[in-house]
Amino acid sequence: MDRVLLTGVTGYIGQHCAAELLRQGYDVVGTIRSRVKADATRIAIAKVAPADGLSFVEADLLSDKGWAEAMKGCAYVMHVASPFMLAEPKDENEMIAPAVEGTKRVIAAAQLARVKRLVLTSSTFAMIAGKDSGRYGPDAWSDTDASIGAYAKSKTLAERAAWATAKGGDMELTVVNPGAVFGPSLGATMDGQSVEMMTAMISGKMPMIPDMSMGMVDVRDVARLHVKAMTADCAAGKRFIAASAEPIEMATVASVLRKAGYTKVPSRRAPTVLLKLMGLFDGEVRGMLPFIGKAAAYENEATFDVLEWQPTPLETSFREMAAAISGEIKVINQQCR
Ligand code: NAP
């Protein structure tokens, strides 16, 4: 069976992509920055997929070292890795450099290795940041001249760099643009922005719900869509929006969780003026501000038609994510006693 190079295999989405590839019989070479994470990543993936075909190579998005070797014999590449934090860094290049330089580096190495197709994980944040509320389709691009925060800027510039680098070459490029991703993490550790946000909600660390609405998607759907995007005949050269057509309020997520018995989930909405004030001191709140009070809807028909998306009900995603995290919290609390 074909071999796939997967970047970001240690992460929330990358682990699910690895599991889906392995379940479908592919061999997976996962790139890791440090061997330290290899065992925990293998254990996490092996919970849900046969892990015999999984191997690891060391490679960092910020260095040329290891990429040419890693690509040897790979028919496909899934480039999932990118720094994902809503908190604003001191220097935006902390996020932009690995995203943009890393994407160029991975694509160049894949082209040299004569890879058939590369699937890039972009984001709806590469499409709607700096824009007004409205309905956006696969031709939408965020406005990098607006104040959109380092993460949205990194994703927009990285995706633009991907299309530019791949242009004219033999290797096909397909891009998946997920909205906010929910669903259980496979990870042994609880890092990653998505998992952190859900942990804050159910543990009472988030005192109020921000006025944010987003297109959302289940993490297992994101993985299946990546694999389909890798092989579907008509997917080459296209962007696929992996997000609900209508935006869902964070207050709705909170309400589903409260009904499921997570009593610490807040019910009060954070006044926008308070968030603006908090943003002066808190980098994470500052990172959310460009999206507060806005709602983007999506033209996601191609994801259904070409990638045959069968969305997991999002209420299931919210509940299963919370259950996976609260299981982890219980284990950690027991270990600390
Ligand atoms: P995550 O759990 O934080 O995973 C990020 C991955 O990128 C990790 O494997 C991390 O490796 C790797 N990485 C970061 N910097 C790197 C570097 N310099 N060199 C090599 N690897 C590096 O985040 P995620 O939620 O799975 O996100 C994965 C992708 O999906 C990202 O491209 C993100 O922009 C995109 N996305 C996520 C969401 C969401 O809601 N989660 C929505 C839309 C798009 P380490 O383990 O070594 O840190």
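Biologist: Why does Ala161 count as partly exposed?
Modeller: In this predicted model, Ala161 has 18 C-beta neighbours inside 10 Å, so it counts as partly exposed (20 or more other C-beta atoms, placed from the backbone, within 10 Å is buried, 12 or fewer exposed, in between partly exposed). Local features need pLDDT of at least 70 and side-chain atom pairs 80 or more, while totals for chains, interfaces and linings use all residues. Residues are numbered from 1 along each chain as its sequence is written.

Biologist: And which helix does Ala161 lie in?
Modeller: Ala161 belongs to helix H5, which covers residues 150-166 (helices are DSSP runs of H or I, at least four residues, and strands are E runs of at least two, numbered from the N terminus). Between Ala161 and Ala59 there are 20 Å in space, C-alpha to C-alpha, and 102 residues in sequence.

Biologist: Switching to strands, how many residues of E7 are buried?
Modeller: Six of the seven residues in strand E7, residues 172-178, are buried, and the strand is mostly covered.

Biologist: Which strands does E7 pair with?
Modeller: Strand E5, residues 117-121, pairs with E7 in the parallel sense over five bridges, and strand E11, residues 239-242, also pairs with E7 in the parallel sense, over four bridges (pairing needs at least two DSSP bridges).

Biologist: Now H6, which of its residues are buried?
Modeller: In helix H6, residues 193-203, the buried residues are Val195, Met198, Thr199, Met201 and Ile202.

Biologist: What follows H6?
Modeller: Gly204 comes after H6, and its phi is positive, near 90°.
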